[in-house]
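Q: Hi! I've just opened this one and would like a quick tour. Could you walk me through it?

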Amino acid sequence: MDRDKEKDKDGKEPLRVGVAVRKRRRALHLTLAAVSARSGLSVPFLSQIENERARPSMRSLERVADALETTAVELLAASDTARTVDLVRAGDESGLTPVPGVRPLVRGHHQLHALEFTGDQDAGREYQHRNDELMYVVAGACQVEAEGRAYRLESGDALFLSGGVRHRWRAVTEDTRILVVAVGDHIHATSEPPSPGH
């Protein structure tokens, strides 16, 4: 067993869809017995799936999805967002899309995006994101242009950019490492103040 997560014999992470399956079943007000009758899968097996003790094959997942009036793809997407703990170690690229000099720090489709940029980075283009973004310089330095102003950020500096701010940036030293954390563009963040007590 891996020190961080269980893997199957192919070295791939098992399909972890239990939370998504349980959430969908409860939203439809269905019992495990009802899903069993609809899918042809046993109640104990369905219970094991929901409790992450059994890994369904893609065919079984499709049967569960049909019983829950959804698709296997939707359940897998929902399971990605249901995962609350996911350790990404240095050099770990499983489940990530590597691009030279850019390392995703969060796997899957979530409300939060985080990337680490290393080396001489210059996209040569302007960015404008729907939601807020934070840039933090871990090492080296970078030049940022935002809303007509230029900023030089050095190690330990952080720059907050609210949603809609047009900006561009480039690293100015080869040893630069920048962490960029942003709210996903698919999230509709509002500027309403939180209600009392929140």
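**Overall fold and pocket**

A: Happy to! The protein chain has five helices and nine strands, and please keep in mind that this is a predicted model.

Q: Thanks! In what pattern do they follow along the sequence?
A: Reading along the protein chain, you get α-α-α-α-α-β-β-β-β-β-β-β-β-β.

Q: And what share of the residues counts as buried?
A: Of the 198 residues in the protein chain, 31% count as buried. The accessible surface is about 12400 Å², and 50% of that belongs to carbon and sulfur atoms.

Q: What about contacts between residues 24 or more positions apart, what do they account for?
A: Taking the contacts in the protein chain with a separation of 6 or more, 60% are between residues 24 or more positions apart.

Q: Let's talk pockets. What volume does the largest pocket have?
A: The volume of the largest pocket is about 490 Å³.

Q: Which residues lie nearest its centre?
A: Those are Leu115, Phe117, Tyr127, His129 and Val180, out of 23 residues that line the largest pocket.

Q: How does that lining split by class?
A: The lining of the largest pocket has twelve nonpolar residues, seven polar ones and four charged ones.

Q: Which strands each supply at least two residues of the lining?
A: Strand 2 (112-118), strand 8 (166-171) and strand 9 (177-183) each do. Strand 2 gives the largest share of the lining, with five residues.

Q: Switching to Thr176: where is it found?
A: Thr176 sits in the loop between strand 8 and strand 9.

Q: Is Thr176 buried or exposed?
A: Thr176 counts as buried, because its relative accessibility is 2%, and the cut-off for buried is under 20%.

Q: Nice. What is Thr176 in contact with, leaving aside its neighbours within four places in sequence?
A: Its partners are Phe117, Thr118, Gly119, Ala139, Gly140, Ala141 and Ala171. Phe117 also came up for the largest pocket, as one of the residues nearest its centre.

Q: Now the helices. Where would I find Glu52?
A: Look in the loop between helix 3 (43-50) and helix 4 (58-67).

Q: And why does Glu52 count as partly exposed?
A: Glu52 counts as partly exposed because its relative accessible area is 30%, and that class runs between 20% and 50%.

Q: One last thing: what separates the C-alpha atoms of Glu52 and Gly18?
A: They are 5.4 Å from each other, although Glu52 and Gly18 are 34 residues apart along the chain.

Technical notes. Residues are numbered from 1 along each chain as its sequence is written. This is a predicted model: local features need pLDDT of at least 70, side-chain atom pairs count only at pLDDT 80 or more; totals for chains, interfaces and linings use all residues. Side-chain values use heavy atoms; hydrogens and water are left out. On a 1 Å grid over the protein atoms alone, a cavity is a set of points where a 1.4 Å probe fits but cannot get out, and a pocket is an open set with protein on both sides within 12 Å along at least five of seven lines; lining residues have an atom within 4 Å of a point. Grid points are joined across faces, edges and corners, and a volume is the space filled by probe spheres set on the points. Helices (H or I, at least four residues) and strands (E, at least two) are DSSP runs, numbered from the N terminus. Ala, Val, Leu, Ile, Met, Phe, Trp, Tyr, Cys and Pro count as nonpolar, Asp, Glu, Lys and Arg as charged, and the others, Gly among them, as polar. Buried means under 20% relative accessible area, exposed over 50%, partly exposed in between (1.4 Å probe, protein chains only). Contact means heavy atoms within 4.5 Å. Accessible areas come from the Shrake-Rupley method with a 1.4 Å probe; for residues, only the protein chains shown count as cover.
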